[in-house]
Structure formats: structure tokens, C-alpha cells
Amino acid sequence: MFRMVLKLVAGAAVLAAASAAMAQQRATVPQAPATMSQPAIAAAPPASAPVQAPAAAVAPAVTDAAAAPPEREGRLLKAAAVELREFSPWSMFMSADVVVKAVMIGLAFASLVTWTIFIAKMIELSVVQRNLRAALGKIADARSLAEAQFALGSKGSVLFSLLAAAMREARMSAGISSDTGIKERAVSSFGEIVRAEARRIRLGMGLLATIGATSPFVGLFGTVWGIMNSFIGISKSQTTNLAVVAPGIAEALLATAIGLVAAIPAVIFYNHFARVTKGYMEQVGRASGAAGRLLSRDLDRTHVSSVSGSHSRAAAE
């Protein structure tokens, strides 16, 4: 019995050892791939050695990317230059608001009127000054109104009108012994002719003064309107970026620039013509004095001839 018990205990121990070995094998079977993967991972570097070549090739790409910003900046600068070339006064005018565009057109028309008046007045003043100067030279040696009219010839200057008015007054005052009244009436006629000539020669200068005084304010109105539209655009776009407001402000400032272009020449031309006109009116005053002197000589000759005639009749009697 004792031997049988030993055999049973030995068999149970063998079975327990066998079951433990089997359990250990089952526990180690799932870990076999993990252990197998470790050599694979360890062996991976030789297989991935060729992969390092693309990694080396990535380095130039990185350097290219690092070098890309200057090139990108160059392209941006070129694009900005193109935009600046396109941002010309004509493009700003075409993209401006209707009111600002109307202001610009009006100011451009005012500038055209200014230069037209300048050219016309320069020609007119040079012609009348030359004609009056020549007419005064022709009658310098004349002794009577008739002789002065004959020397003057055609109606080329205001002096002819003054001589004609003096002769008309002398003819209409025939038989009147008061020389003072004749001279006063002649001087009144001369004054009307001189004032009419002054109005004629100053024609257009009032328009120059108006353009010179109002053009800056008209341009300022266009500027205010354009800036107002720019701020309205900022409020609508919900951004304070300068690129949003810059075009409108540039268009508004263009209106101010055109206003100054129209106003500055108008003021300069007005001051120039004021000086030239003053000199011409001094010549007209000289012509009026020359006509008055000739009329006075004719009146004195008439009295002398009448006195000599009365003396000759008295001697004959």
C-alpha cells in the first residue's frame, strides 16, 4: 500500500509538472512575434539604409524653402510695381465716385478755360498796345483834328474813336461861343469811350478771378466727399486695413490736385493781365489827352479866325 501511495504521488507530481509546462508554453506563444519583431526592428537599419538618401535629398528642399522668402518677396515687389503702374491718375479717375468724377471734370474744364483766356488775352493785349502806340506816334505832329484823322487813317485803335467824338462835339457845338462847355462835353464823351474800352479790355479777367478763388474749394469738396466714401467703405468692410481706404483717399486727393492745377495758373494770369491792362489804360489816357489838346487848338483857331474876320470887315467898312 505504501508503494502504491508513492506511485500515485509521483504520478500526480508528473501531471502537475506537465500541466505547468503546458501552461508556460501557452503563455509564451503570444510573445513569440514580439520577440521576433525585435530582431526585425534591430535588423531594420540595414534595410532602411537606402532610405537615408531621400532624407539627404530633403536637405536641399529645406534650403530651397529657406531661400524661397527672398524670391517670394521679389515676386511681391514686382506685383506691387505692376499695381503701382496701374494705379495711375486715369485709373483713379475712372474708379472714382460719381460726385468726385463730376468735380474733376468741372475743374479740368475750368483749367481749359483759364488757358484759353490766357492765350486770347495775350494776343489781344499785344495787338491793341501795338496799335495804340503806333497811332500816338502818327498824330504826334498833327495840328488839328482833321489832320490827325487823316494821318491816322483806318479805325485801328481807340484813338480814332476819341478823335471822332471830339470832331462830332465841335461840329454839334458850332455857333456856341463858350469853349469851356464844348471842352466839358468832349471830356464827358472821352470818359465814356475810355470806360467802354476798359470794360472791353478786362473782359475775361473776372472769370480768371472766379476760377482762381473757387477752384481750391471745389477740389476740397471733392476731397471731403471721397474721404467720406472711404470711411463708409471701412465701416462696411469691418476692417481698418490701409489697403481698403487708400484708393478712395488717393482719388479724393486727386480732386484737390486738379483744383490747385486750375487755381494757381488762374491767379498768376489774373495778376499779370491786371498789370498789363493798367499799362494799356495809361496809354488810353494819353490818347484821350491828345484828342482833347487837338480839340482845344481847333477851338482857339476858330476864335482867332473869327476875330481876324471881324477886324478885316471893320477895316473894310
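Modeller: Let us begin with the surface of this predicted model, where I119, I123 and V127 form a nonpolar patch with about 250 Å² of accessible area together.

Biologist: Where does I123 lie, and is I123 buried or exposed?

Modeller: I123 is found in helix α5, which covers residues 98-138. The general idea is that an α-helix has 3.6 residues a turn, so residues three or four places apart point the same way. As for its accessibility, I123 counts as exposed because its relative accessibility is 52%, and exposed means over 50%.

Biologist: Where is P265 placed, and is P265 buried or exposed?

Modeller: P265 has its place in helix α10, which runs over residues 242-316. With a relative accessible area of 16%, P265 is buried, because buried means under 20%. Once the neighbours within four places in sequence are left aside, P265 is in contact with T114, W115 and L260. P265 and S111 are also 154 residues apart in sequence, and the distance from C-alpha to C-alpha is 8.2 Å.

Biologist: What share of the contacts in the whole protein joins residues at least 24 apart?

Modeller: Among contacts between residues at least 6 apart in sequence, 81% join residues at least 24 apart.

Biologist: How does one read the span of a helix, taking α7 as the case?

Modeller: One compares the distance from the first C-alpha to the last with the distance expected at 1.5 Å a residue. Helix α7, residues 158-172, has 15 residues and reaches 21 Å, close to the 21 Å expected.

Biologist: Which residues of α7 are buried?

Modeller: The buried residues of α7 are V158, L159, F160, L162, L163, A165, A166 and E169. E169 belongs to this list because its relative accessible area is 11%, which is under the 20% cut-off. Leaving aside neighbours within four places in sequence, E169 is in contact with I182, R185 and A186.

Biologist: What can be said of E197, as regards its helix, its accessibility and the residues it touches?

Modeller: E197 is found in helix α8, which spans residues 179-201, and at 9% relative accessibility E197 counts as buried. Not counting residues up to four places away in sequence, E197 touches V158, Y280 and V284; V158 is one of the buried residues of α7, whereas E197 itself sits in α8.

Biologist: How much of the protein counts as buried, and what area does the protein expose?

Modeller: Of its 317 residues, 28% count as buried. The protein exposes about 20,500 Å², and carbon and sulfur atoms supply 69% of that area.

Conventions:
Residues are numbered from 1 along each chain as its sequence is written. This is a predicted model: local features need pLDDT of at least 70, side-chain atom pairs count only at pLDDT 80 or more; totals for chains, interfaces and linings use all residues. Side-chain values use heavy atoms; hydrogens and water are left out. Helices (H or I, at least four residues) and strands (E, at least two) are DSSP runs, numbered from the N terminus. Buried means under 20% relative accessible area, exposed over 50%, partly exposed in between (1.4 Å probe, protein chains only). Contact means heavy atoms within 4.5 Å. Patches are made of residues with over 30% relative accessible area and no salt bridge: like charges are joined within 9 Å, nonpolar side chains (Val, Leu, Ile, Met, Phe, Trp, Tyr) within 5 Å. Accessible areas come from the Shrake-Rupley method with a 1.4 Å probe; for residues, only the protein chains shown count as cover. A salt bridge is a side-chain nitrogen of Lys or Arg within 4 Å of a carboxyl oxygen of Asp or Glu. The expected span of a helix is 1.5 Å times one less than its number of residues.
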